[in-house]
Each structure stands twice: as C-alpha cells, then as structure tokens.
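Have the sequence and the 3D view open as you read.

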Amino acid sequence: MPKRDEPPFLRYLIVNADEMEPGSFKDRLLLEKTPHQLIEGVIIGAFAVQATVAYIFVRGEYVLALERLVRAVVEAQARGYIGRDIFGSGFSLTIHVHASGGRYICGEASALFSALEGRRAIPRARPPRSAVSGLWGKPSVVNNVETLCCVPPIIERGANWYLGLSRSVDGGTKLYGISGRVKRPGLWELPFGTPLNEILFEHAGGMQDGYECRAVLPGGASTAFIMPENFDVGMDFASVQKIGSSLGTGNIVVLDQRRCPIGLLRNLEHFFAQESCGWCTPCRDGLPWVERTLTAIEAGEGEAEDLDLLVHHVSFLGPGCTFCDLAPGAMAPLASGLKYFRREFERHINEKACPWHDTKDAWA
Amino acid sequence: MTTFVVDGKSFTCKPDDNLLQACLHAGWDLPYFCWHPALGSVGACRQCAVKQYASEDDKVGRLAMACMTPVSEGARYSITDPVATAFRASVIEWLMVNHPHDCPVCEEGGECHLQDMTVMTGHAYRRYRFTKRTHRNQDLGPFIKHEMNRCIACYRCVRFYRDYAGGRDLDVFAAHDHVYFGRYADGILENEFSGNLVEICPTGVFTDKTFSRHYVRKWDMRGAPSICVHCGLGCNTITNEREGKLRRIVNRYNGSVNGYFLCDRGRFGYGFVNGTDRIHAPLARGDDGRQGAISSDDAIRRFAALLRSSSRVVGIGSPRASLESNFALRALVGAENFYLGVSARESHLLRLLVGILDSGAVHTPSLREAQQADAVLILGSDLPNTAPRAALAVRQAVRRAGFTLAAAAKIPHWQDTAVRNLAGDARSPLFVATLVATRLDDIARIALRAAPADIARLGFAVAAILDPDAPAVSDLPTDLAAQAATIAGALLAAEQPLVISGIETGDESVVQASVNVALALRASGKSGALMLNVPECNSLGLALMANGHGGLEVALAQPAALVIALENDIYRRAEATVIEAALASSYLVALDHSEGPTTRRADLVLPATSFAECGGTLVSSEGRAQRFYQPIFSKNDVSESWRWLGAAGWAAGRKVCENWSTLDNMVVALAAALPRFARLPDVAPPASFRVVGSRIASQPRRFSGRTAMNAAHSVRDPKPPVSTDSPFSTTMEGYHGKVPSALFPLFWAPAWNSVQSINKFQAEIDGALEGGDPGIRLLEARTDAVLPYYTNIPEGFVPRSDMWFAFVFPRVFGDDEQSARAASIRERMAGATLALNGEDAAHIGVVSGQSVACEIGGEQLCLTLEIHPEMPHGLAGIAGLATVAHALPTLVRITPTGSDVS
C-alpha cells in the first residue's frame, strides 16, 4: 500500500466474506453473531491503511448475516463510528455491504474486485498486486472476516497477549470447525496449533458409533487428506504443510469408513468444475474431464488408463499451470486421494462397480 | 535491447516485450491463442507455456506463460523442455475436449490457427471419451456465421469487439465449460468492425457469411494485394478469386495504415464485383434508341470516330477510378477539358484540401500515428460512418492516458487487463464536435452537437487561444468559449495532439478552422497533425490531378460535343435536370463496371474493370499512393478504362496514347507529366520485377482443380492468363516466399496457415512489415512551409422557423456507391430518413416514424422522420439518400406528407 501521505488517496479496504469453501462455516458465525466486532475491525483496518471506503463482500446466501451486517452498519453510522470526519479525527470512512451474485470464484480476491466492479468474476494476473492496482485500479487491501475480527481485541490488549494465546508459532487463536460423522459437529475458537486429534476426539467428541475416521480434509475442499497416523499434527500453517496438506480454512471435513472416498472426490470435483470461471483452459476443460472420469469410475465404468489421466491432471492443473488457485486447490484432495486411496480406485476399476454401493455398510 | 536465452541460445528483444513476442520475433514457433499483438496478453489459454529458470544453476525451472512474462536481461527459458512441451500438448488436448473436429466441413479449415497450433504442439491422440457439450448457434446478421461448438474460449472475440472496437452487443455468457460467446439473443452484430471477428477468432466460430455463399478453400484461391475502395483511408486488403469470381476480402497488414483490422464496409462491400448489373460487353445506342451489345473493335472504332469528329470533348474524372485511368482521360481530352467529376461543392472543398496539403504546413498522419495521438479534436466528421477505420484508431488513441498510468505503475503495456483496470475511466482527451451523435461519443470528453458554422467557430476559437496570432472569434457564446478553452488546454498539454476534419459537412469553414488549429499547434511547437477525410478511395488522387477546374457543373456549363464519363455515376454528382440539359446536344460515352443511371443514359458504354480486374494506384486521404492488383482475369470484353481510352485515342490518331500498353507505362507517363506524382513508379515494383528469375506465384502451392474446374466447358487444360501489368504469375507456378511488402498475394509461412502468419512478415511484431510498410506518401510537411491562418470566420448559425439546414447524415452502410450494390451491405441499409430535434418536429407537427416531405436537389422526397434529441435546432439530417448528397447542405422546407409542399 502507498504510505499515508502518498497518492493515490482513494484506497479501498475489502472484507472477503464470501465464504463458499465446501465444509467451511466459520465466517458465518462471526457475521451472524458478532457483526459489530467485524465492523470495528474494518474501521481500525481502514484507518491503518487510510482507506476511506470499505466493502464487505458477503456470500449472497448468507441472508441472516447480510441482514445483521446492514443493521450493524446503520447502527455504527448512527453512533458516528463511521461516516465523515469520525469523532473529529479528520478520517472518514464509508462501509458498503455487498451481497455476492453467488459464485465460488468471487471469493478469489482479484475476481472479487471484478465482481464488485460489476464485471465477470474472472481473477486478475499478478503483478500488479492489489496494493498497487486493486478495486477500480486503486490500491486495495483484502482481508478475511476472521482476521479483521481479531483486530479489536489485539488493539485493546496488545500483541503479546494475543501471541500468548497460541500453542504454536502462529500467534493467537483460530476458529476450527468439524463436519462429518462426529458426535458433536461444530465450531470452536481454540489456540492456534491445537492438535487435530484433540479437536476431533475432545471437542467434537470423536466418531459416532459404528463409524471410524479414515481421513480428514483439514481446511475445506481445497486441502489434501490427512491420514490417521498424522492426527497428532498441530493445526497451524507450517505443521500441516509439513505433512503434505495445508491449513486452509481450518474447517475439518471428516471421511469415515462407510463413505466411498472416490464418491467424495467426485462430489468435490463436481463442485470445482462447476465453479470454474471458464477463463483458463486447464481449469475450464480439465476439471469437467476429471469430474466425468471420477463419475465413470464411481459408476463402475472406469478404465485402467483413467488413473494415469487423473495423475496427468494433478500435475498439469497444479500451481503455475492455471491462471488462479482454483484448479490447484481442486487437485489437492485428488492428488492425496490418488496416493492414499489407490487401492479403492483400483477396486472400482477392476470390479466395475463401487465397492460401497448397495452394501450394508454403505453410508446412510 | 534485452538479451535472453532460450534453450541455450541467446536472442535479443525490445526491453518492453513479453516473452512470447520476443520468441516469435526470434523465429521460434511458440503456439498461442489468446494473445494478439493488437490486443495484448491476458494469460487465459495457457498455450504459450515455457520453462523459466531462476538462474544458470536452476535445472528444474517452473512453467511460465510466455505472453505474461516480461523478458529480463539474461533470463533463461526453455521451449523444448519436455514438461513444457507436454503441457502445451495437454492444453490442445483440453481444447479438443469439446471441439467438434469438424475440419472437413469447417470453413476455417486450411487457414485455422487451431489446426496450426495443434500440429505445432504435436498433439494427435485424444483420450477424452465422454460426451461433448454442444451450443445453439445464433443468426448474427448478413456478415457473420456463428458456430459455437468450435469455440475454444480464447476470449479474443469479446476482447476485440468490446474492449478494442467499443461494441456492446457481443459478450461472454455463462461459466465453466459452458462459456458462450454471442449476443444476448439472435440478431445483427451492430458494430461496424464485426468482420474482424472472422480473423480474430483462431478457429471457425465466426466465419464470413458472404464468403460462405461461394466458399472455396484458402488454398484454392488466387490472391492479390489490393486497396479498399469504399472510403478514403486506403486500407490494405487481399482479394481472393476462383473461377472468375471475387470470393472474399481479407485484411492485408500494413503497419502504418490499417494494421490488423478492416471495417465491415470494406470487408463485405465487394459483392458488386460479382453483381448481376455488371456490364460485360460494350453497348451502343441504336437507331431505335435502345442500347445493344457491340464488339470491342466496333466500340473502339465508334469511340475513335467521336473523338475525331467532336469539337469540344469534356472528360469527367472519377474519385473512385485509379490514378492511371484518370490520367489517361486527362491526357486524352487535355488538362483544360478534364474535370473532377464531383459536385461543385465537393470539387471546391477538394481543391481547398489540396492547397492545404500542398503547402507542406500541416502533417497528415498515418492511421498508426493517429492511434498514438494523446489528444484528439474532431471537427465535423462522423468518423464511424465515413472513415470507420480512423474511428477505430481514435478509439485506441484515448487509451494513451491509461498506458501512461500503467507505465508509472510499472505495468507492461501488453498486460491488457491490468492496464485497463488501472486506467479505469482515465482517457486521453477526445473532443467530438459534430452535427449528430457519433459512435465515438462514449469515449469523448466533450461531445458537442452544433451546426457546421458553429463547429467552425469553435475550431477558430481553439486556434485563437492556442496562438494569439490566429484570428479571434467575436461574440462566441460563453459555453462554446469555455469548451474552446478546455479543448485548447488539452491539445496544448498533449505531446502528439491530432486534429481530424474532412469535407463531409460540405462547409469549407470547418476545414479551415481545423487547419487553423493545426497551424496554431505547430506554432506552439507541436507537430500539427491534421487528418482530413475525403469521401472516396481516390478523391485526393483525383484532386491532385485537377487543373484548377471546378466540378461537374462547370464541366457541363458549356456545351460539348462529346462527354466522356469515367467510372462515375454523374447523376450522383449533380441535379438530373442540369445533366439532362447539358447532355441534350452531346454524345455521352460512359466507362464503368456496373449499370447505372449514367450508363443507361450513355450513347456508348465501355465495360470497365472493377478494382478486382485491374491494377492501379490510389491515393488515400493520408496522401499515400498505394498499388492494387487484379485477382480476376476476365475473358469477356471488360478492360481497364485507361486501355479503352488508349485504344480509342490511338485509333483516333492521338500521339499521346502511343505507349499506353501497360500499367507501368501509364505510371511512367503520369510521373513524367505531373511532378506531384514523380515518385509513383516507386510505389510498387514494376511488372518486370522477378525474384530469382520468377514471377511471384499468386496461387498457393496446393491450388487444386486447375484442369478440372473448366472441364464442363472443355477438357483441355486452358492456357493460364498472363499478367502484363504485374510481376505476378496467375498460377501457383512462380516464386513462393519473401517478396517486397507491396506484393503479398497471401500470408503463409511454414506451419502458419492462418492470418497469424503475419508475425513472420513483420520487421518486429506489431510493427512495420519487413522492407517497410507499402505505399509512398506524396505529401510531406516541410519545416519551412508557411500557410497563413484562415480569417473568414463564419457567423454563428441561427435557426429559422420556416426552413431547416439539411445536411448529409452519414451512414456506414449505403452511402458508398459501390458497396451499396453488395447484397450483404444492402441487408444492413436502412430506409431514407430525416432526422430532427424533437422540438423542431413538434413545431412542424410531426412525430417519429411519420413521413415528411421536402425538396432536395430538384427532387421531391418523402422521408421517414427520426427524432434525434441531441441535434441542434434548425438542423435536418438526411440519411440513406446518397444520391442527393451532392445538393447538401441546403435549406429545405419540411412538411408533413399530404399537406401542400409549396
């Protein structure tokens, strides 16, 4: 971002509240339950970068969140927390709450700009960074809801207090969520770096009766599987990366033994193929091919070469090959799935049927 | 220059090039789709992937898209790296997932960039075994065919149509692998540059519908370099022929003129060449008063007899005939009897233009220069309708401000999306002062509607602000004065300001005002670039040949025994009653390619060639003399006008015609006779030009059916025609390879069958052609040249309550005589209308859509009323009636039809 006294003086702070990652629901809680905290974070953040206009870009389906955010903004305006010359500080801020038209790609920061500008939500190439040319070509900062909600308490109590809350090198706390066949699916604010098995077995109460945990996606659909032997991993950025996955949103999806992993992957790839914006070739035409191949395998129509084809896509839809991170994200669970569930893939192809299909163990 | 390394070899490129451009320039065949030299890079297709290495020690490297990679000094890349090669093949495989592989029935086949790139990547075997998605196609009007299933979603079409050409009715819909490029509903593509989609599209989604009606493969056509004959800009084209038919027109890159793009009038207006109203044999009026066909020899005999017996012979030249034909007529009848063949008003204005350009005090920019202007003032010219390609150049010129911002933010100029995003609404200033709204108003800082006199006053006022020595305008209304100050300030702040005007308002003061602005800018130390539009393809060339005479009315004022009308429908140039009166005791000989009022009136008609059946030279509004060549060799009596004139003249004993046997002789004679044209022989190589002893092949090597195509008539292999006027062979025999830039019969390079092969012919990508762009500028500005300011500033326009100032409301389709004969253009032509301001219409008591009557040029006209709220009071725009344009502007009474017109 340009310095305080450097032009251009029109700058934007954008809150990415377009939470659409499959399996993730942490921002929703913050938006619905503590909208004032977010607005406070926005005001502080905007002041820090001297942005006079802020947009909160909210997932369109978060109707309740939108309703409450709008009300909170009105309240903040009424109290003079936002508006012109806030409390005589000389600093002015306008906050707009914007409901997304509804595509996953809008959550990609640069595509979010395009969406806000009323164009097709197509990501933009970097450089230029958004701090140089972002929304409407002006310096822009994009932050996540969770990040901005952390700001007010940090300002209030200091950085050391915040850092001290953590159990890892990444300071502070994190909202961890779990979905799947656990006893208590939910969302918890825990110290950063809380081990996965602690979240899974203590906070979520472990697996429901009759279900075993085979693997988890640690941070939404764009992360690689973590297998049980690594469940002692501390849920922070570096530790999760070390075991070949990534923290993502920190919202964990649990795969149990009664669910076909290929079926799960097919569902995920269906989502990504559908949510591709259609801009770059590998993502636009590669993901539907992957989806159709997985569908065929799941339906017992897979061929031996299909696994090579999937491996081909995993390597050529990786980072740097595609325009943005959507396709590499889509390949993360598939790559790990091909590694950890190779035998299941082969059984589908060899038996010409899904081994989970119509069995009494099948997921209900 | 920047040095970079590809696969161990060092190359150099311009420091601001991207890697793809640099590699193509270095001669590498690196495949690509979404990148286009005129559109920049967006990184969408991922086809140009290469390996990029961080250092000499980096042996792994990472994939990078060449089009999105700035080349840094000493950077190392690999094109042949196995991973990069496999990835590029994979991109083709993805594109082929939904592509229908319908090459055998696809009209793009044989010149398809997708075919070329597929072969280039080596991809052959497709593993995709599922259903392909299909789309519904749209009817996009008379010019463009739509076949969406072939789409590979490179986004070039919308980037050209919307971002580059300013069109609104083509867009991309839906998402993921369902992206759809089309209109929101079936309907005519409105933008006048829609034809470029045919060449922009790398495959067969958008194809030429007019070509489709008589389609043949690219390799089965003879090509000839040509010049567009449908406005004064002189865009370079390639004409394609087979079996005596003109099949299509495609763009011929000229870095200084049209670059990669043509307008739809130029691309689709060729239908008249194949028209049913072509004249194939000489016609003579018999005793019964009817015209009948006669032999060529008879025609020449009769013509010669007329030349011998007639006391006064008047030659009427043509702004759409070649320099050579006009010169032949001028030489035959004598300079004193040669007239411009345009209306008195137009003749006056053209001679004014020649005086201005001849003075050397103003610089006439090429379209390339116009595109680089950073402030543009348009006085009186509705560019999108009268000189469309210039409007496209202006549309790019306003982006200069954005490029400046991008440069400051260190964003490379080719990074298209980033530049556009950063620029936002920042545009270099464009000021459009015209009579009616134009399709450039959306990017204009000021779009002003005024009568010609007020447009001129604005221009004079701008000049007076720029240079106090320029005559001031008295009593300028405050709003105009304020606008003049804004315009003057912007022009002065610019580095390369440009003034555009022309003769289409019919008002000399508008032209003079534009000259004053250019002169005032020159006095302020700027180049003083002034672009003056002329209506027809050789208007300027004809005017440069004039001898101080007036136009048609002057020619007809005195009785003449013989009037020779050269490729000219004189009924479009003067009132019919005037013509009839003048011709009452004259013999009229008409030379033209198609039947019209003039040939019907003529006593002797000689079938002239169209631009596609002869060679010749035209002078564009830039003053650029350019040569065109014939793709069609007709077997009937059609001949070049200069040949008819020469043959008749020689038969009549005129010594001057002695050496008129070839085009080169005509050119030499012209250059010798008129010093202005001294450099004409250098415009293009002479017919004797050979490359390694060979003529240049005008048909591709793969040309097929040479013997079979005539089998229905004769099984003998016919002797191919011989071109006496060009260095081309008429067949595939001859030299295939690099030829002088004025002589490209087609663009083809090994592995590059599509128009994208142009990369191989440019000295630098997007720059001039190797050996320099074709054409010779006849009129250059001179630093010592002086032209005094024009001082006759007109009075401001005062609307009258009883009469309206009727002017030509130009239309891109229909105003041009020749293209208006083309079926596809006719589909785009609308009926004749009269445009009025709403209040004026109310004053007359008429509403939109109602018929109104008025008298113009001695004709009672019944026109449909159109309301144009932006039009100034007292003005009436006459559209779709090019035949009465000669009488405009004029004051008219307007009445609702049915009421008393008097």
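**Notes on a predicted model**

1. Start in chain A, at the hairpin of β5(A) and β6(A): 6 residues lie between the strands, and Gly180(A) takes a positive phi near 125 degrees there. Keep in mind that this is a predicted model.

2. To find your place, look for Ile178(A), whose bridge partner in β6(A) is Gly186(A).

3. Now over to chain B, where an open sheet is built from 7 strands with mixed pairing, running β33-β28-β32-β29-β31-β30-β34. The edges are β33 (890-892) and β34 (895-896); each has a single partner strand, so one side of each is left without a neighbour in the sheet.

4. Which strand pairs with β29 (residues 833-836) of chain B in the parallel sense over 4 bridges? One such partner is β31 (residues 859-867) of chain B. Across this pair, Leu834(B) sits opposite Leu865(B).

5. Next, see where the chains meet: chain B puts 32 residues into the contact and chain A puts in 29 residues. On the chain B side, β4 (62-65), α2 (82-98) and α15 (416-423) each supply at least two residues. The most comes from α2(B), with 7 residues. By type, that side of chain B divides into 20 nonpolar, 8 polar and 4 charged residues.

6. As for confidence, chain B has a mean pLDDT of 95, with 99% of its residues at 70 or more. The model's ipTM is 0.96 and its pTM is 0.96.

Conventions
Residues numbered from 1 in each chain as written. Chains lettered and ligands numbered in written order. Predicted model: local features only at pLDDT ≥ 70, side-chain atom pairs only at ≥ 80, totals over all residues. Pairing = 2+ DSSP bridges. pLDDT = per-residue confidence, 0-100. Contact = placed C-beta atoms within 7 Å. Nonpolar A, V, L, I, M, F, W, Y, C, P; charged D, E, K, R; others polar.
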